[in-house]
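Here is a quick walk through a two-chain model, written for someone who wants to know what sits against what. Have the viewer open as you read.

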Amino acid sequence: MAQSRTRLLAVLLPLSLLLLAGFVVPIVIVAFYSFIPPRSFEFSSDLTLQNYASAIGDGYWRPLLWSAIGALLTTIICLLLAWPTAKALDRFAGRWAQIATLLIALPIFISESVRLIGLSLFLMPGGGILAGSLDALFGVSIGTILNTHLAALLGLVYVHFPFVLFPLLLGFSLVPREQIEAGRDLGAGRWQLFREIELPLTAPGAAVGALFCFVLSLGANAEMTILGGQVVTVITRAIEQRFSYAQDWPLGAALTMLVIAVTAIVVFPVLKRIDMERLLKR
Amino acid sequence: MTFDSRLDALARKNPVRTQGMNRRQFLAAAAAAATAACSPGEDKAREIALLTWDAYADPRLLNLWRQQTGGSIRYEIHVSDPTSVNRLRAGETAVWDFVNLNNPWARKQLWPAGLIRDLPRERFEPLYAEMFEKFAPPYHWAMSEDGEHLLGVVQRFETFDFVVNSDVISPALAKDEGWDIFNNPDFKDRYGILAYEDWNVMDICMGAGIHPFRDKSEDDYAAFERTARQWIQNAKLITTDFAQLNLAIINGEIDAYFTGGTYSISSARLEGISNLYAVTPNSGPADGKGGINWIELNSAVANPNPADETLDFLEWITKPEPAYIIANGNGNLQPVSQMSQPEVLSRFTPEQLDALQWDEFQERIANAVEYDIVPGYDRLYDIYSAAIRERS
């Protein structure tokens with residue numbers, strides 16, 4: 001028993017060290033920076049809560065709210081789109097399903113910025129791919145959604161959809177076919193099958209996908225910059241501004257800690273409810 | 001026998017006659033090679049690391065340096081001036097040898113913080129005599145505040161104000177109207193903002209009738225806030241990507257953007273899109289001037305393990321061939337201080353000079369004040385960033 005515990009510790013040691021150096025230490029440093037006087041760079045014992053007062057009182061709630069709304073809408077839309085897609089891919093598992101899965105997965109291997117710039121070229125008015133093609137082929141002139149909230153949301157969904165789909169696919173693979181068929185034989189309708197069998201069994205996968213999507217969308221900035229024309233400022237952009245052009249690391253650090261706190265408030269209760277062991281053992 | 005002479009001896013042997021090396025010769029050559037690889041090597045140049053804008057990362061420049069000196073270069077391109085200053089502050093002086101930033105950073109931030117080292121004046125000041133007259137030594141922005149230390153070598157410089165679609169807005173009108181173009185409420189949703197934010201702050205000062213580089217009164221801050229809110233709220237799009245703004249002009253989404261200049265449009269103009277037009281206002285609130293002139297200063301980072309090659313590189317980039325490559329580095333045309341020399345200027349094609357709007361270059365520089373640290377910047381930037389956050 002003691003030997004296997006030592007072996008386990010030895011296996012976990014490299015990862016623990018990596019997490020300590022790459023995750024815990026930077027967060028501790030950022031946390032410390034958030035308490036030093038505004039617009040200073042030196043570690044000092046002169047600690048203050050002023051940065052948190054500015055983070056809460058100087059209108060930063062607005063970017064945080066925009067990020068949270070964007071993340072929430074993206075998560076809901078991705079779940080609504082991913083559900084039927086995952087169900088279809090699971091039910092019709094075969095060559096075509098594999099090709100479809102591959103096509104959905106492939107864009108992940110291309111830089112996010114490149115994909116978003118591609119989408120902006122597609123949406124551009126005048127000579128853009130969509131507007132230009134419609135004009136050339138059918139003589140139809142259209143406007144554009146580029147540089148609007150909607151374009152940014154489209155980008156968020158486009159980028160984060162696979163992060164919801166694949167955990168959900170894993171969730172669907174947990175649903176035994178026999179159970180569905182038995183439910184159907186016993187006279188259950190579609191809604192009842194969904195509510196009584198599919199939803200509870202796929203919930204861990206959906207929750208993991210939703211968490212991925214929410215957390216990544218909360219920290220997203222490129223979609224609002226490249227497609228949204230920065231029609232609003234998201235929290236990541238506000239943090240970036242403090243660290244760069246404002247040369248105000250302490251306020252940037254305080255904002256970062258707030259975002260980490262918001263993320264933790266969302267993530268931990270959901271994680272507590274997910275039976276990861278069951279999901280992984282599958 | 002040294003490694004070089006052994007290689008030479010091997011190379012001179014006729015392989016057909018001698019049928020190659022014997023085992024002893026092979027082992028001796030291999031040992032010599034291993035020794036040469038492990039020893040410090042007196043004539044082996046140290047690789048230098050550039051934290052730079054993209055012109056200095058042009059492959060032609062790096063190859064030329066390699067051919068002429070045997071040295072190699074690695075580089076990383078800036079995200080923004082302040083981001084790179086942050087990196088040096090955070091301890092990356094040990095990583096980099098060379099940094100090039102806009103003029104005030106070296107004098108007012110990097111040198112006082114000990115992040116760059118000074119250059120030997122007797123070696124580098126003669127280079128200033130070969131530049132345009134405005135850079136005659138001791139050139140203000142190349143010197144430390146006390147006037148004792150030379151902080152770098154000036155090379156790329158230009159104005160950076162705004163860009164119009166000359167098919168829609170006549171350049172002459174834009175120059176006369178100056179920053180008031182963006183004060184016109186009818187211009188709502190017809191312009192964009194290139195979010196080089198320190199520049200945006202200076203431009204908004206100009207639009208509010210404030211000298212950006214002088215101390216501000218409470219009235220000035222109030223005027224700045226009004227202008228910032230209006231300009232930011234009325235902008236069609238805000239982005240850090242000037243290609244996106246150029247495309248928006250080409251597609252008719254907008255007719256103008258600030259901040260902009262030949263830096264953001266010269267490569268597109270070289271492709272034939274000549275209706276992208278850089279404008280420096282004829283007049284403005286900065287001592288009667290409305291434009292802002294940036295000057296890049298190339299400096300040696302205070303690397304704890306300094307390389308002599310860094311100084312060699314700083315001198316080498318001012319020679320005609322490297323200077324020409326830098327002026328059109330990575331396809332982005334920008335004037336360099338060495339264009340005062342006919343030997344450098346004659347290398348430019350008429351198309352390249354047209355892309356640079358070279359016929360108006362002296363006029364632009366004359367109508368601009370030199371980029372400087374903005375007094376009250378922190379407060380102005382906080383107003384600016386609050387206006388950005390309120391945009392909806």
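First, a word on helix geometry: axes are lines fitted to C-alpha atoms, for helices over the stretch in contact, and angles run from 0 to 180 degrees between N-to-C directions. Angles under 35 degrees count as roughly parallel, over 145 as roughly antiparallel, 65 to 115 as roughly perpendicular and the rest as oblique. Helices (H or I, at least four residues) and strands (E, at least two) are DSSP runs, numbered from the N terminus.

This is a predicted model, where local features need pLDDT of at least 70, side-chain atom pairs count only at pLDDT 80 or more, and totals for chains, interfaces and linings use all residues. Residues are numbered from 1 along each chain as its sequence is written, while chains are lettered from A and ligands numbered from 1 in the order in which they are written.

**Helix pairs**

| Helix pair | Axis separation | Angle |
|---|---|---|
| α10(B) (197–207) and α19(B) (377–390) | within 10 Å | roughly 95° |
| α9(A) (190–218) and α12(A) (249–273) | 11 Å | about 175° |

The angle in chain B makes α10(B) roughly perpendicular to α19(B). Contact here means that the C-beta atoms of two residues, placed from the backbone, lie within 7 Å. On the α10(B) side you'll find B:Glu197, B:Asn200, B:Val201 and B:Ile204, which meet B:Tyr377, B:Leu380, B:Tyr381 and B:Tyr384 of α19(B). That contact has six nonpolar residues, one polar and one charged. (Ala, Val, Leu, Ile, Met, Phe, Trp, Tyr, Cys and Pro count as nonpolar, Asp, Glu, Lys and Arg as charged, and the others, Gly among them, as polar.)

Over in chain A, α9(A) and α12(A) are roughly antiparallel to each other. Among the residues making their contact are A:Leu211 and A:Phe214 of α9(A) and A:Val266 and A:Val267 of α12(A). By class, this contact has nine nonpolar residues, one polar and no charged.

**Chain B**

Chain B has 19 helices and twelve strands. Helix α13(B) (262–270) has eight of its nine residues buried, so it is largely enclosed by the rest of the structure. B:Tyr263, B:Ile265 and B:Arg269 are among those buried residues. After α13(B) comes B:Gly272, with a positive phi near 105°.

The domain assignment (bounds come from an automatic or database assignment) gives chain B domain 1 (3–38), domain 2 (48–154 + 295–346) and domain 3 (159–292 + 371–390). The centres of domains 2 and 3 of chain B, taken over C-alpha atoms, are 28 Å apart. Nine residues of domain 2 of chain B touch eight of domain 3 of chain B. Helix α6 (103–110) of chain B gives the most to the domain 2 side, with three residues.

**Where the chains meet**

Between the chains, 25 residues of chain A are in contact with 27 of chain B. On the chain A side, α11(A) gives the most, with three residues. By class, that side has ten nonpolar, twelve polar and three charged residues.

The mean pLDDT (the predictor's confidence in each residue, from 0 to 100) of chain A is 90, and 97% of its residues reach 70 or more. Confidence in chain A is highest in α3(A), at 95, and lowest in α13(A) (276–281), at a mean of 64. Where pLDDT is low, the predicted coordinates should not be read in detail.

Definitions and conventions: A residue is buried if 20 or more other C-beta atoms lie within 10 Å of its own, exposed if 12 or fewer, and partly exposed in between; C-beta atoms are placed from the backbone.
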